[in-house]
Amino acid sequence: MNYTALLELHGVTKTFGAVAALVNAELVLKAGSIHAVIGENGAGKSTLVKIIGGLYRRDAGTFLLDGESVDFHNTREAKAAGIAVIYQEPTLFPDLSVAENLFVGRQPYTRFGALDRAKMRRETRELTQRLGVPIDPDREARGLSIADQQVVEIAKSISVGAKVIVMDEPTAALSGIEVERLMGIARQLRDEGKGLIFISHRFDEVFALCDVITVMRDGSYVATNLTTVTTEDEIIHQMVGRSVDNLYSKQEALIGEPVLEVEHLTSAGVFQDVSFTVRSGEIVCLAGLVGAGRSEIARAVFGVDPYDSGSVRMGGISVPRTSPAAAMRLGIGFVPEDRRKQGLAMTAGIQSNITLAIRHKLARFGFIIAPLEEPSARTWAARLQVKMYALDTEAQMLSGGNQQKVVLGKWLATKPKLLIVDEPTRGIDVGTKAEVHRLLSELAGTGVALLMISSELPEVMGMADRVLVVREGRITAELPRATATPQNVMYAATHAPEVAA
Amino acid sequence: MSVTHTVPVSQGRRSFLGRILRAREVGLIVMIFALVALTSVTQPGFLFSDGGWRELLRQPTILILIALGEAIVIITRNIDLSVGSILCLSAYAAGSLFSNFPGIPIPLVILSGILLGAFLGLVNGLLVAFLRVPSLVITLGTLYTYRGIAILWIGPHFIRSSWLPDEYRSFGTLQFLGIPVLLIVVAIIVLLIGWFMTSRRVGRDLYALGSNPEAATLFGLGERRLTVTAFVASGALAGLGGLVYLAIFATGDAQVGTGYELQAVAAAVVGGVAIVGGSGTIWGVALGAFFLATISNALPVLGVPSLWQQSIVGVLIVGAILLDRIVFITRIRRAKRKGTAT
């Protein structure tokens, strides 16, 4: 049998300006198999998906589909060639019906030249039923759960006859039952002879579902493993490719008096009975799975979101509810999760971003002019080593790591007693990551209390003096540095608390 | 081979009657009848006179035409503020064609007016689609640019009714079975565009683009082509609006159509088009335009001071938006409560 792979990538490279997003990517997908691509954040998985889906064009390398070289200029060409991409956040048209979403761009016509809605309805019903998830073809897509939206996307890819179906972190926003259902559908498609690429960072799913696992790291191909012969440890080793210990350099700091005291904080349906303290010089990490309620706790403490009961005190003084301004006056700084949307004025310069939180102090007679801002901005930009051409460079022109430094600089300029950092190194390259860790550690050394939220276990292990594990809105474990291990943190994050705990 | 999970099929079907009663169109028809009835009771001449009946039915045709084009643009999550200026240019161009070339075939003049509008719309569309500047800014610019061209060209002159051939002028007053022919023509155009928007791919693509532009890009829907299409349609309809204006009023200067763009947006919004795009029906827009035009006709007849007239229109617009918002929120709640098929 003359056997060729369904899709082959060899030496595929993509750079954006000076940044190499993908270097020598390799991928060989066979028909009737599910191929996992895993790697840490920033490993190049998304870039790979976008090249396969026709959103980006590769700079170099070969891309074969059914043994023939292809070069897609847009998503339409990729689709025509039989490639369907299902994104984590599906891209349906909320105002159109489910049936219309399935057929958008290729709706059938009746012989009178009008849309054949009956046919669309019928085929939609058949397709979704075949996938085991009947969805009313006439309802509008708005309000469908993410899982159901994915089902619609999958149904769409089947109905256009896609041979290759790429799922980009499809399970990230799904509940347990929905994940099971999706995996069932994926197996069904595999048995029908389609090739599936499954992007995920959840080991259990990857091992349960996939036949082959390709590991990527820092934009490069690392290895391809058969699931049957590899182990989780081996994959972890390939993903990390470096010793975790030397990445995070927590300095010892003198831990002093309690700075932040949170007692019985409750917000119905979001988090319940959350109590903890953070002392000066201490780094406390809120660990847990995405969606456990960690960011919500932090936002309530800072006064962005309301809470129902409980109290927040800074240095013994009660922090009023829902007033970030008051929280700032009491010495709290907050570096949010999404720096582009919540942390920075993207079109403003570095200088005005850094001085944003202290502009009242810098202003003279209510006016603020650039010369007043410049000294502080320059000081902090230099201390944080923000790589820039000028202080008035727009924040949106900076790399992720440098943007994060600017946000940090903004809060450090307020001389906070407590700094809350939510996912401080998400989407930041490895080098800058280490710098951010060094900065945070130095900050603790000067007596600042730090409350850090992180989903990256090595980061939690490396930085925290104390780890608080949050699961479904409750703190399920408190682990001091000495006893915290990835295993027991992960255990507490995924299991209901024991009676004694 | 199929995965079997017992999942309830989400039942989203409302009763037919419920849907009818909830539709924006029904509310508008009721309000139009109420308004006409109220006005006729106070001032019978509003409806029961030769001119009254005719004006009631033919005046709204101009606003209906430009509101249709505006709605198509808004459905794609854009806006076209230049329709009033386009209307003016088209009306004057048609007038001067008649005056400079006596005996010119009327269809040729009509075609020229529509093509001029389409061309000006094409300029809008190309600028929006390729410069990737918000249409609000682009068409605000062309609103003044096109008006400036009109002022330069027309100057202090105005269209005289003597320029127009009798056949063209009579077109404005012609009636068929007591209904102005203009309204019949416009009604046919409404039906055609309505059918196109609900039953042709391009129509659905326009809705899809406005519903989720990012998804449209990812999907490769051809958002540039669609944006240009919407603006060309809007320009062509504004051009046609200019021709209708000419047929009805048989005059016009460089200020014709000033402020029409906002009336067109208002008609679309009152007619149920969401300003963020993606939803709204052509029937609703036509009725919304008819309603707003009838208000402008009726309020002076009712003796409402002109100061109040604008405020009433304003309250209606805000009311329409509030209504949309409430309907939207309850629909989302219902969809969430129903829980979908999990």
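This is a predicted model: local features need pLDDT of at least 70, side-chain atom pairs count only at pLDDT 80 or more; totals for chains, interfaces and linings use all residues.
**Entry 1: B:Ala67 and the cores**

Leaving aside residues up to four places away in sequence, B:Ala67 touches B:Ala264, B:Ala267, B:Ala268, B:Val285, B:Gly288 and B:Ala289. I then turned to the largest nonpolar core, which has 168 residues. B:Ile66, B:Ala67 and B:Leu68 have the most contacts inside this core. Helix 12 of chain B, residues 223-249, gives the most to the core, with 16 residues. I also noted a second, separate core of 72 residues, which includes A:Ala327, A:Leu440, A:Ala444 and A:Val448.

**Entry 2: two helices of chain B**

I examined helix 9 (residues 181-199) and helix 14 (residues 282-301) of chain B, which pack at an angle of about 145° with their axes 9 Å apart.

**Entry 3: a sheet in chain A**

I traced an open sheet of 6 strands in chain A, in the order 16-17-18-13-19-20, with mixed pairing. Strand 16 (332-335) and strand 20 (474-480) of chain A are the edge strands, each pairing on one side only. The twist from one strand to the next averages 15°.

I followed strand 16 of chain A to strand 17 (residues 418-422) of chain A: the two run parallel and are joined by 4 bridges. A:Gly333 stands opposite A:Leu419 in strand 17 of chain A. Finally, I recorded that helix 9 of chain A, residues 294-302, packs on the sheet, and that its direction makes about 150° with that of strand 17 of chain A.

Conventions: Residues are numbered from 1 along each chain as its sequence is written. Chains are lettered from A and ligands numbered from 1 in the order in which they are written. Axes are lines fitted to C-alpha atoms, for helices over the stretch in contact, and angles run from 0 to 180 degrees between N-to-C directions. A nonpolar core is a set of buried Ala, Val, Leu, Ile, Met, Phe, Trp, Tyr and Cys residues joined through C-beta atoms within 7 Å. A residue is buried if 20 or more other C-beta atoms lie within 10 Å of its own, exposed if 12 or fewer, and partly exposed in between; C-beta atoms are placed from the backbone. Two residues are in contact if their C-beta atoms, placed from the backbone, lie within 7 Å. Two strands pair if DSSP finds at least two bridges between them.
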